[in-house]
Every structure is written in structure tokens, then in C-alpha cells.
Amino acid sequence: MRTPGPLPVLLLLLAGIPAARPTPPTCYSRMRALSQEITRDFQLLQVSEPSEPCVRYLPRLYLDIHNYCVLDKLRDFVASPPCWKVAQVDSLKDKARKLYTIMNSFCRRDLVFLLDDCNALEYPIPVTTVLPDRQR
């Protein structure tokens, strides 16, 4: 019995496995991911450095890219006084500046604001679990 050569095996492998190319992130997905990352990092910063005065007096940062007030919130956060003792604050401000730039220039046409409630950005949105109705 003859074993197949390397060429037929290679052709079978190439024909059987389609080339999977990940899709590049859209403006919306990039804004959403970055806003979630900033919110998470801000919450971690408040837990890890709660007694540091410059962390305590930072503007609250719970971002919702569908809220029109998010642009003002990002601008206020970036303009807050520097925090020399905590390096994470500078990193967080850089991310906030990047998100503001993305939202205000590159992805401006992709934005759809559903809310105009600045108070909603002061406190985190509670996570609720909705249980399905029992059907009889």
C-alpha cells in the first residue's frame, strides 16, 4: 500500500480549513470596550488606594457611552488635579483622554446618545438579574 505524498496531504489541509480572519474592531466596539475598561480600572483604583487624598477627590467615573453627559464627564476627569503619588491615576487619565478623542473626532458619526442624564454617571448602574417567568 502506498502512502500519499506531502502535496495531497497539504492540499487537503488547506482546502479543509478556511482562513479565519478576525474582524477589526468597529468604532462602537472600541468605544464600548474602552469605557468599560476605564470604569473597571477606576473602581479598582478606589478599592486599592481609598485613603490617598488625590484618589478620594477624583470625579466619579461610571461611563455610559450612550449618555450625552459622558463627554463632559471625561473632560472633567482629565482636567482634575494631578496625582503624583499614584501612577494608576495618570494611566486612567490617559485612557479617558483617548476615549474622549475617539468619541469626539474619529467616531463622532457612530455615536447615538439615548440619555441626557448627568446624574446617572455619578453612581454605578446596579446589576440586576431578571428571572424568567414560570410557565405552567
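Student: What makes the reach of α5 close to the expected one?

Tutor: In this predicted model, helix α5 covers residues 87-106, which is 20 residues, and spans 28 Å from its first C-alpha to its last. The expected span is 1.5 Å times one less than the number of residues, and for α5 that expectation is 28 Å, so the reach is close to it.

Student: Why are some residues of α5 called buried, and which are they?

Tutor: The word applies to residues under 20% relative accessible area, and in α5 these are V89, L92, K93, K95, A96, L99, I102 and M103. Among what covers them are α2 (27-48), α3 (53-56) and α4 (70-79).

Student: What part does α5 have in the largest nonpolar core?

Tutor: That core has 27 residues, of which M31, L99 and M103 touch the most other members. At least two residues come from each of α2, α4 and α5, and the largest share, 6 residues, is supplied by α5. Leaving aside residues up to four places away in sequence, M103 touches M31, I65, V70, L71, L74, R108, L111 and F113.

Student: How do α4 and α5 pack, and which classes of residue make the contact?

Tutor: Their axes lie 9 Å apart at an angle of about 145°, and α4 passes α5 in a left-handed crossing. The residues in contact include L74 and F77 of α4 and L99 and M103 of α5. By class, the contact has 10 nonpolar, no polar and 3 charged residues.

Terms used
Residues numbered from 1 in each chain as written. Predicted model: local features only at pLDDT ≥ 70, side-chain atom pairs only at ≥ 80, totals over all residues. Heavy atoms only, no water. Helix = DSSP H or I, 4+ residues; strand = E, 2+ residues; numbered from the N terminus. Buried < 20%, exposed > 50% of the residue type's maximum accessible area, 1.4 Å probe, protein only. Contact = heavy atoms within 4.5 Å. Core = buried A, V, L, I, M, F, W, Y, C linked by side-chain atoms within 4.5 Å. Axes fitted to C-alpha atoms, helices over the stretch in contact; angles between N-to-C directions. Left-handed = near helix turned anticlockwise from the far one by under 90°. Nonpolar A, V, L, I, M, F, W, Y, C, P; charged D, E, K, R; others polar.
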